[in-house]
Every structure is written in structure tokens, then in C-alpha cells.
Amino acid sequence: MPEVSAVLLELCRAVTAKRPKTVIDHILAHGFITTEALKDVYGYNHPPRAVRDVRENGIPLETFRVTGSDGRKIAAYRFGELSGLTVRKLSGRTGLSKRLKEALIAKYGCQCFIYLEVMDERELQIDHRVPYEVDGDGDEALNPDDFMLLSASANRAKSWSCEHCDNWNSSKDKQVCLTCYWAFPENYTHVATRHSRRIDLVWQGDEVAVYEKLKAAASELGKEVPEFVKEVLEREAKLLG
């Protein structure tokens, strides 16, 4: 495999999260990793997400094609070249995630931005508001307001929605992302370019009793909880005029 530069190796060693570290360690050992290996060896059913995790840690990966075990062409990934700008941006980046998380918690509280679920700091993950694939890291000086804290389930939901979005797969217009639910759930005009609105609700602590009442009422009517809750909200909306 090609020799890894000292700067790139330092960046690789600074990554501790399991999923990107798995990809990085495999590439360091074998020179590249395939989508087949990500699925069959490591159990990642959505390889692009694991690759995205590596890129979001500032480590460039390039995609190429190899022949899989069934004879078909599949995607493979290897380290790309670090540009001078990238090196300047990422030098001294160790500890960045900790500082970002502390700044976000100080401003917004220790909760998921999507579900508004209060969580332990260790359970929250840092994510770009505008996907890295669309805007990279934005300005050279990283701004905490360009990031959000998500629970693991919210992060998976956002990833799936973004990766199936027309803007992600074609024009990659940052302004489209900035008006999306997945970037600013408190103020948006679309959900992954779809004309829709959504509310993601979580009941915690004493609120669980309320959820159980709703669940029981829905069951008596032969309805699922989301359907029943939506009907309740629609009735309340009509009373508002």
C-alpha cells in the first residue's frame, strides 16, 4: 500500500469513534476497504455512512471500483491526498469534537436537536447541520452553530433522509439544506426537498404515563399511536380556527 504521510497518520490516530476507526484501521492494514468488507466483515449494512464518518473527521477518501466475490464491480475506498488547505484546517484538530460538544451543550442544553430528548453527554453525537458532502466544513474557522447534537437514532434517520434527497444526489445546493428540517427543525420549509412537515416526539420521565394513556386509547379504537396522536392534534388545530 502507498506510504501514509505523518500528518494523515496523526489524524487517523486521533479518531476514536468505533465506526470510522474500523474503516481507518482496515485501510491502514490493507490499503483499501470495500463495501463488501464493510457489510460482511464488520456488519455495516450502509457502507456510505461509515465512509462518511471518516470524511467528517477530516480524512480524505477516494472511491474506486474493484471486483467483488460474486464477480460484480463494487465500490472501494482508500486514502486521498491532503490538500494544503486541509492540513491547515485540520492541524491541531485533536479535541475538536470535545470543544464543539461543550459549546453546543452550553448554548442548547444536553439534548438531541431533533427529538429534544434530554440525554447523557456520551450518548449525543456531533453532526453537521448541512451535510459534509454538500458543504464540507464551510469556513476555515469551524463555527459551533454549523453543527448539531443528535441521538444515535436521530443521526441514522437524518443520514437516511439526506442520502435519499435529490439535492444531496444532484445539485448539492447549500441553501436548500439550510431550509431543511434536518438542518433547522425549529424553522424549515421542507423535509429533504419534500413539501411536508413532521414532529418527532419523545416522552420521558413522568411524561411516559401520558404516552401510555394515549397508547391505551389508540388500542381501544384499533389504531396505531402515531395515527391517533395525529388525529388528536388535528382536532385541537380546528379549535384554534
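This is a predicted model: local features need pLDDT of at least 70, side-chain atom pairs count only at pLDDT 80 or more; totals for chains, interfaces and linings use all residues.
Trainee: What share of the contacts with a separation of 6 or more comes from residues 24 or more positions apart?
Mentor: The protein has 241 residues, and buried residues make up 37% of them. Among contacts with a separation of 6 or more, residues 24 or more positions apart account for 54%.

Trainee: Is Thr34 buried or exposed?
Mentor: Thr34 belongs to strand S1, residues 33-34. Leaving aside residues up to four places away in sequence, Thr34 touches Val66, Ile74, Ala75 and Ala76. The relative accessible area of Thr34 is 11%. Buried means under 20%, so Thr34 counts as buried.

Trainee: Are H11 and H12 roughly parallel or roughly perpendicular to each other?
Mentor: Helix H11 covers residues 207-220 and helix H12 covers residues 225-239. Their axes come within 9 Å and cross at roughly 100 degrees. Angles of 65 to 115 degrees count as roughly perpendicular, so the relation of H11 to H12 is roughly perpendicular.

Trainee: Which residues of H12 make the contact with H11?
Mentor: On the H11 side, the contact is made by Tyr211, Leu214, Lys215, Ala217 and Ala218. By class, the contact has 7 nonpolar, no polar and 1 charged residues. The H12 side consists of Val225, Phe228 and Val229.

Trainee: What is the volume of the largest cavity?
Mentor: Counting cavities of 30 Å³ or more gives 1 cavity. The space in the largest cavity is about 110 Å³.

Trainee: Which residues of the lining lie nearest the centre of the largest cavity?
Mentor: The lining of the largest cavity has 15 residues. Nearest the centre are Pro131, Cys162, Cys165, Cys177 and Cys180.

Trainee: Which helices each supply at least two residues of that lining?
Mentor: By class, the lining of the largest cavity divides into 11 nonpolar, 3 polar and 1 charged residues. The helices that each supply at least two residues are H8 (152-163), H9 (166-169) and H10 (174-178).

Note on methods: Residues are numbered from 1 along each chain as its sequence is written. Side-chain values use heavy atoms; hydrogens and water are left out. Axes are lines fitted to C-alpha atoms, for helices over the stretch in contact, and angles run from 0 to 180 degrees between N-to-C directions. Helices (H or I, at least four residues) and strands (E, at least two) are DSSP runs, numbered from the N terminus. Angles under 35 degrees count as roughly parallel, over 145 as roughly antiparallel, 65 to 115 as roughly perpendicular and the rest as oblique. Contact means heavy atoms within 4.5 Å. Ala, Val, Leu, Ile, Met, Phe, Trp, Tyr, Cys and Pro count as nonpolar, Asp, Glu, Lys and Arg as charged, and the others, Gly among them, as polar. Buried means under 20% relative accessible area, exposed over 50%, partly exposed in between (1.4 Å probe, protein chains only). On a 1 Å grid over the protein atoms alone, a cavity is a set of points where a 1.4 Å probe fits but cannot get out, and a pocket is an open set with protein on both sides within 12 Å along at least five of seven lines; lining residues have an atom within 4 Å of a point. Grid points are joined across faces, edges and corners, and a volume is the space filled by probe spheres set on the points.
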